[in-house]
Each structure stands twice: as C-alpha cells, then as structure tokens.
Amino acid sequence: MSKITVADGTEIYYKDWGTGQPIVFHHGWPLSGDDWDGQMMFFLNKGFRVIAHDRRGHGRSSQTADGHDMDTYAADVAELARVLDLKDAIHVGHSTGGGEVIRYVAKYGQGRVAKAVLISAVTPLMVQTEANPDGIPMAIFDEIREGTATKRPQYFQDFTLPFYGYNREGATISQGIRDNWWRQGMMGGIKAHYDCIKAFSETDFTEDLKSVDVPVLVLHGEDDQIVPFPLTGARAVKLLKDGKLISYPGFPHGMPATEAATINADLLAFINS
C-alpha cells in the first residue's frame, strides 16, 4: 500500500493512478478515499492523474489519537503534495473534505493549485454562533458525537438514510451504496471520527474563502439534509474572488455517489474551462 509518513509519525494512505494533470480528491466524514471511486475511474479514463488519500484516523491511515483539526489535515495534504510533487493540481473536496481543500489551498496552495472544487462542503461555517445565528445548533452536533461514541455501528447504518436522501418519499435506495458508506466508516478510528465532528462543524473558513485566488467551483444539492445549502454553498460562493455556483434541486448530500454522471460532467466542464 502507498503511504507517506508525516512529521508526527502518522502514516497517510493514498491512491495515485495515471498521468497528466493531477486531480486530488478529499473525502468527507467519516469515510475514506474509496468514496471517490466513481470520480477516480471517470477522470482516469479521461487522461488525468487521480489521487485520493485517507485522512488521518480514517480508512487505511494511522488511527491517531491527535491531530484531528483542519490545520493538521491541511498540513498532511501539503506533505502529500510535496512528496508527490503535485503542480497545476485541481483539488476536489466533498463535505468535510471541502473544508480541508479550502484550508489547504489558502495556506499551502501557492504555485501548486490550478483550481478547486467544493462539493456539499461545510464552508464557511456550520455551527450556530452569535456571528452565525442561522447556523446549526450545537445540540445537533452533540447528538452526532453521542451516536458516534456510544453506538457507532448502528448510528452509521442509520446515517446513510439522510446522507443519500433515501429517507425521501419515492427514493430509489441502493443497499450497495449504504453498505459501502458503512464499510468505509467502520474502517476508521472512533477517536478520529469523534474529534472530526468538531473540526467540520466549528471551523470558520470565511477568511480562507476570501483569500483564495484560483477559480473555485461550488456544487451543492438543494435537498442536502446534512450540510444545508442556504447555510453553506449559497454563502461560500459569495466570499470567493473567483467562484462559480451550481446548485441542484432535489440532490442529496451524497450526490457524488447517487448523481455521479451529473457531477462528473460538471467537474469535467469546469476543469476544461
């Protein structure tokens, strides 16, 4: 297996296939690089070099007790980009991975990043605060913490229903997609998953979004039950210097899996533009 070892000894697993312009995929909570299978195959067959890593504590990377914060996540990506000598790269992040992307691009992307994509991303800020009164109450994230800490196997099974919009009337449910989400989640470390909830819900990405100079595409489903579109995608694009928004009526949070053909086509058009 391909791994790098970062400064604190953590091993970061990654997949690196093909040649050409690199596209780096950043997965959501509590998943792994495998969540990008539909995109990795598509873009590999289009002649791109495709890379997906497992965030520390997730998937096949080290199950560390520490370092589960956006600054460390971004530093891990920077080390991966250095080791793989990635230049002119497109970084694509889903959900928590969108936060990781914008923090990485803002802090480390100068000279290495061509474009970025935020899909169903947690940017600019999820949690309700005095400055963000329309945010999600902390009690909701406390419920996610409680479920993750005390009944993770069943909680993760249940979480797939709103994640993919499978709780909507008339939804066509793929048991394989649900099982694959659960498989990825249970590969990771419970401590990492618990700590990451704070990272994705309480990190404020406002200044990161404002500072990024490269073109950024924001893709968001309007029926996202996990990361609500009005709170995130609709706001994030207004903070970007060179941002473009595509929103999709009826699409769920996990739309890269359930709506891969649409998402892949829009990604390809943006990359080639």
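The model is predicted, so local features need pLDDT of at least 70 and side-chain atom pairs count only at pLDDT 80 or more, while totals for chains, interfaces and linings use all residues. Numbering starts from 1 along each chain as its sequence is written, and side-chain values use heavy atoms, with hydrogens and water left out.

The fold holds ten helices and eight strands (DSSP runs numbered from the N terminus: H or I of at least four residues for helices, E of at least two for strands). With a radius of gyration of 17 Å, close to the 19 Å of the globule rule for 273 residues, the protein is as compact as a globular protein of that length; the radius is taken over C-alpha atoms, and the rule is 2.2 Å times the number of residues to the power 0.38. The C-alpha trace spans about 40 × 40 × 40 Å along its principal axes. Of the 273 residues, 56% count as buried, meaning under 20% relative accessible area with a 1.4 Å probe, protein chains only.

Six of its six residues are buried, so β5 is largely enclosed by the rest of the structure. Ala89, His91 and Gly93 point one way, and Ile90, Val92 and His94 point the other.

Two strands pair with β5, where pairing requires at least two DSSP bridges. Strand β3 (residues 22-26) runs parallel to β5 and is joined to it by four bridges, with Phe25 partnered by Val92. Strand β6 (residues 113-119), also parallel to β5, is joined to it by six bridges; here Gly93 has Leu118 as its bridge partner.

Methods: Buried means under 20% relative accessible area, exposed over 50%, partly exposed in between (1.4 Å probe, protein chains only).
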